[in-house]
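Subject: Handover of a structure and notes on its contents

Dear colleague,

Please find the structure below, together with its sequence. My notes on what was found in it follow directly after.

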Amino acid sequence: MKTTIHHYLTAGVLLILTGIMQLSHAQAEKVGAVKTVSGDAWVITGGQSVKAQVGTDVLLGSQLKTAKAASMGVTFKDNTLMSFGPDTELTVDEYLFAPAQGQFKLGARLDKGSLNYLSGVIAKLKPDAVSVKTPTGTIGVRGTQFLVNVQAPAPNN
C-alpha cells in the first residue's frame with residue numbers, strides 16, 4: 001500500500017513539474033533574434049544574462065541592454081527592426097504575431113537610451129497594436145519609423 005501511495009505521489013509531483021516547465025517555456029517564447037552587435041550588449045531573460053551575439057534569441061520578457069560604447073540590432077518574427085544605441089535598456093513586455101488568427105501585439109518599455117524603430121508586419125496590419133512606453137509617456141506607432149531617446153533624470157542635489 002505504501003509503495004502504491006509513493007508511486008502516485010511521485011507521478012503527481014512529476015506531472016506538476018512537467019506542467020510548470022511547459023508553462024515557463026510557453027512564457028519564454030522566442031520573439032526575435034540579435035542581428036547586429038558592437039561592443040558589450042546583453043539579453044536578460046528571467047534573471048539570466050546572456051552576452052549578445054549575432055543569433056542570440058530574444059524571448060518574450062527579455063530585457064535588451066547595451067553598454068556605454070555599444071549598439072545592438074534586433075529583428076522580430078514579423079520583421080520589425082529595432083536598433084539600440086549606447087547605454088540603452090528596453091524590455092519586450094508583449095509580443096503576439098499570429099496572422100492566421102488575426103492577432104497582433106508588440107509592446108515594449110524603453111527605460112533609457114536610444115531606439116530606432118522600423119515597422120514590421122504588425123504595425124503595417126494593425127498600427128494600434130504597437131506601443132513603446134517611456135518613463136514620461138507612450139509612443140503609439142502610426143508610421144513606419146521613429147527614433148526616440150530617453151535620458152536618465154539628473155541627480156537631485
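Two strands are said to pair if DSSP finds at least two bridges between them. With that in mind, Thr75 stands opposite Leu81 in E7. Please note that the model is a predicted one.

**Overall layout**

The chain contains 2 helices and 12 strands. Read from the N terminus, the order of the elements is α-β-β-β-β-β-β-β-β-β-α-β-β-β. Of the 157 residues in the chain, 35% are buried. The chain exposes about 9500 Å², and 57% of that area is supplied by carbon and sulfur atoms. Among contacts between residues at least 6 apart in sequence, 50% join residues at least 24 apart.

**Strand E6 and its partners**

Strand E6 covers residues 71–76. It is largely enclosed by the rest of the structure, because 5 of its 6 residues are buried. Strand E1 (residues 30–38) pairs with E6 in the antiparallel sense over 6 bridges. Val37 has Met72 in E6 as its bridge partner.

E6 is also joined to strand E7 (residues 81–84) by 4 bridges, and these two strands run antiparallel. Together, E6 and E7 form a hairpin with 4 residues between them. In the turn, Asn79 has a positive phi of about 75 degrees.

Phe84 lies in strand E7. With a relative accessible area of 3%, Phe84 is buried. Leaving aside neighbours within four places in sequence, Phe84 is in contact with several residues, including Met72, Val74, Leu90 and Leu115. Phe84 and Thr36 are 48 residues apart in sequence, while their C-alpha atoms are 10.0 Å apart in space.

**The nonpolar core**

The largest nonpolar core has 29 residues, and Leu64, Leu90 and Leu115 are those with the most contacts inside it. Strand E9 (residues 103–118) gives the largest share of this core, 6 residues. Beyond its neighbours within four places in sequence, Leu90 is in contact with residues among them Leu64, Met82, Phe84, Leu110 and Leu115.

E9 is joined to strand E12 by 6 bridges, and the two run antiparallel. Ser114 stands opposite Asn149 in E12. In a regular strand the side chains alternate between the two faces of the sheet. Strand E12 (residues 145–150) has a covered face made up of Phe146, Val148 and Val150. Its uncovered face holds Gln145, Leu147 and Asn149.

**Aromatic pairs**

A pair of aromatic rings is described by the distance of the centres and the angle of the planes. The count for this structure comes to 2 aromatic pairs. The ring centres of Phe76 and Tyr95 are 5.7 Å apart and their planes lie at 25 degrees, so this pair is stacked; the cut-off for stacking is under 30 degrees. The pair links distant parts of the chain, with Phe76 in strand E6 and Tyr95 in strand E8 (residues 89–98), 19 residues apart. Phe76 is buried at 2% relative accessibility, and Tyr95 is buried at 5%.

The rings of Phe97 and Phe104 have their centres 6.1 Å apart and their planes at 50 degrees, so that pair is tilted. Phe97 counts as partly exposed at 23% relative accessibility, whereas Phe104 is buried at 11%.

**Salt bridges**

Side chains of opposite charge can pair when their charged atoms come close. How many salt bridges does a search of the whole structure find? The search finds 9 salt bridges.

One of them joins Glu29 and Lys77, with the closest N and O atoms 3.0 Å apart. This pair links distant parts of the chain: Glu29 is in the loop between helix H1 (2–27) and E1, and Lys77 is in the loop between E6 and E7, 48 residues apart. Glu29 is partly exposed at 32% relative accessibility, and Lys77 is partly exposed at 41%.

Lys30 forms a salt bridge with Asp57, the closest N and O atoms being 3.2 Å apart. Here Lys30 belongs to strand E1 and Asp57 to strand E4 (residues 57–59), 27 residues apart.

Arg109 and Asp111 also meet through their side chains in a salt bridge, at 3.3 Å from N to O.

Yours sincerely

Note on methods:
Residues numbered from 1 in each chain as written. Predicted model: local features only at pLDDT ≥ 70, side-chain atom pairs only at ≥ 80, totals over all residues. Heavy atoms only, no water. Phe/Tyr/Trp six-rings, centres within 6.5 Å; stacked < 30°, edge-to-face > 60°. Buried < 20%, exposed > 50% of the residue type's maximum accessible area, 1.4 Å probe, protein only. Contact = heavy atoms within 4.5 Å. Areas by Shrake-Rupley, 256 points an atom, 1.4 Å probe, with all protein chains shown as cover. Core = buried A, V, L, I, M, F, W, Y, C linked by side-chain atoms within 4.5 Å. Salt bridge = Lys/Arg side-chain N within 4 Å of Asp/Glu carboxyl O.
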